[in-house]
Amino acid sequence: MLTIPNWQTTPHDLPEAIRAVKTALRDRIESSGRGIDEVFAAVQRLIEQRLDEIDADPEVWPVIEYADIENGTVPRAQLDKLKRRGCLVVRGHFDRSQALEWDADILDYVERNHFFEAYTGPADDFFGTVDSKPEIYPIYWSRAQMQARQSERMARVQFFLNSLWKHDGWFDPARDALYPDRIRRRPPGTDSAGLGAHCDPGTLDLWMTREYQAAFRHLFDGNVEAYDPWDAAHRTTGPQYPGSTMCSAFRSFQGWTALSDMDHDQGVLHTVPIPEAMAYLMVRPLLRDVPDDYMCGVTVNQVFPANEKWHPQLVGALTGIPDVRAGDSVWWHCDMIHSVAPVTGQRGWGNVMYIPAAPWCARNERYSASVREAFLTGSSPADFPEEHYERDWEGRFRFEDLTEIGRRGMGFG
């Protein structure tokens with residue numbers, strides 16, 4: 001087996017590092033007896049099979065009742081569909097009245113602390129703005145957000161999702177790291193440009209670090225058929241290249257909890273509901289039609305793009321969520337391509353809390369030290385711009401309000 005060069009920190013000479021790693025990866029694939037074109041053709045056949053399944057299914061997104069998760073009665077057919085699609089809606093995750101109360105609490109929290117008067121505009125370019133007010137609020141430590149993160153109902157769903165993975169020793173499926181993220185409040189009548197298709201597990205580090213090379217070993221050994229997007233091996237220990245649109249934690253699923261009712265055609269989340277699509281994204285830059293120092297648009301300090309030029313089979317499969325109600329939650333596998341559709345004159349509110357499944361592991365334990373400091377001081381977490389609006393805010397969630405789930409999840413004690 002041929003050795004692949006690796007860079008555990010961002011290479012100083014990116015073009016040269018890309019050329020070196022692409023040459024080594026091609027050589028390793030070809031040493032398996034399969035050419036790079038043959039390997040990519042095998043990936044395409046798998047994707048085409050999934051696309052045919054999607055085209056034949058009028059309800060692409062699995063919808064699972066929270067009560068079935070709680071009672072252990074999720075039908076086998078729904079579990080199988082969830083593994084194939086990599087995404088789901090949890091109906092009734094929280095009572096609708098609870099979700100609406102949290103939404104009102106968040107609005108009260110930002111208004112009584114004069115957030116709109118202090119807001120200086122977006123500190124990153126990842127999301128757009130709505131007029132002079134934010135669509136994404138850089139707020140992390142409201143009582144509503146923390147109550148949801150440390151709730152038993154959230155922990156139960158996260159455990160259910162984590163258990164879909166092969167996690168043997170790589171993470172603890174029963175303990176979440178309470179990864180703090182922002183909120184979105186999009187008012188009625190909004191015109192929003194949405195968010196282009198992308199994925200979030202990393203950037204060039206996916207090809208260039210030792211751990212990710214091991215995680216994607218089957219692809220680089222030419223054995224596409226053995227690749228399993230649900231295998232957590234080597235994903236939870238290594239580094240990630242820093243950037244302004246990064247996530248330092250390992251998230252088994254990304255997710256959000258709805259704080260308002262949202263119709264499926266009102267600027268909502270779309271995914272490519274094919275967990276194996278990561279194989280396409282990883283192998284495509286190695287084909288000979290891509291310049292030797294180029295990774296189909298992937299670079300450091302920018303989001304991992306998916307586009308019509310390099311990934312036409314994939315972006316054409318973007319599929320939106322069904323209608324959701326306040327209290328439902330929406331989840332998608334951490335590797336999956338996703339986007340937010342544009343909307344003109346939105347009907348109703350579009351409010352969510354971003355809460356993923358981030359199981360306790362070596363990588364998340366490292367990040368938790370900075371999370372604890374941010375929590376105690378009311379600062380913005382390290383993965384996000386240094387805005388720190390909440391440091392002196394009245395009504396911020398406090399240490400004494402943590403439950404056992406909250407304390408364990410943040411690594412206290």
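Is cysteine 247 buried or exposed? Cysteine 247 is buried, with a relative accessible area of 5%; here buried means under 20% relative accessible area, exposed means over 50%, and partly exposed lies in between, using a 1.4 Å probe and protein chains only. The model is a predicted one, in which local features need a pLDDT of at least 70 and side-chain atom pairs count only at pLDDT 80 or more, while totals for chains, interfaces and linings use all residues. Residues are numbered from 1 along each chain as its sequence is written, and side-chain values use heavy atoms, with hydrogens and water left out.

On confidence, the chain averages a pLDDT of 95, and 97% of the residues score at least 70 (pLDDT is the predictor's confidence in each residue, from 0 to 100).

For cysteine 247, the nearest cysteine sulfur belongs to cysteine 334 and is 9.4 Å away.

Next, the packing. The largest nonpolar core has 51 residues, and Leu204, Trp207, Phe216 and Leu219 have the most contacts inside it. Such a core is a set of buried Ala, Val, Leu, Ile, Met, Phe, Trp, Tyr and Cys residues joined through side-chain atoms within 4.5 Å. Elements that each supply at least two residues include helix H1 (14-30), helix H2 (36-55), strand S8 (195-199) and helix H12 (277-283); helices (H or I, at least four residues) and strands (E, at least two) are DSSP runs, numbered from the N terminus. H2 gives the most, with 8 residues. Leaving aside neighbours within four places in sequence, leucine 219 touches Ile29, Val39, Val224, Tyr227, Ala279, Met282 and Val283. A second, separate core of 42 residues includes Ala99, Ala357, Cys361 and Trp393.

Strand S8 also sits in an open sheet of 5 strands, ordered S11-S8-S14-S10-S12 with antiparallel pairing; two strands pair if DSSP finds at least two bridges between them. At the edges, strand S11 (304-305) and strand S12 (319-320) each pair on one side only. S8 and S11 are joined in the antiparallel sense over 2 bridges, and histidine 198 has proline 305 in S11 as its bridge partner.

Note on methods: A disulfide is a pair of cysteine sulfur atoms within 2.5 Å. Contact means heavy atoms within 4.5 Å.
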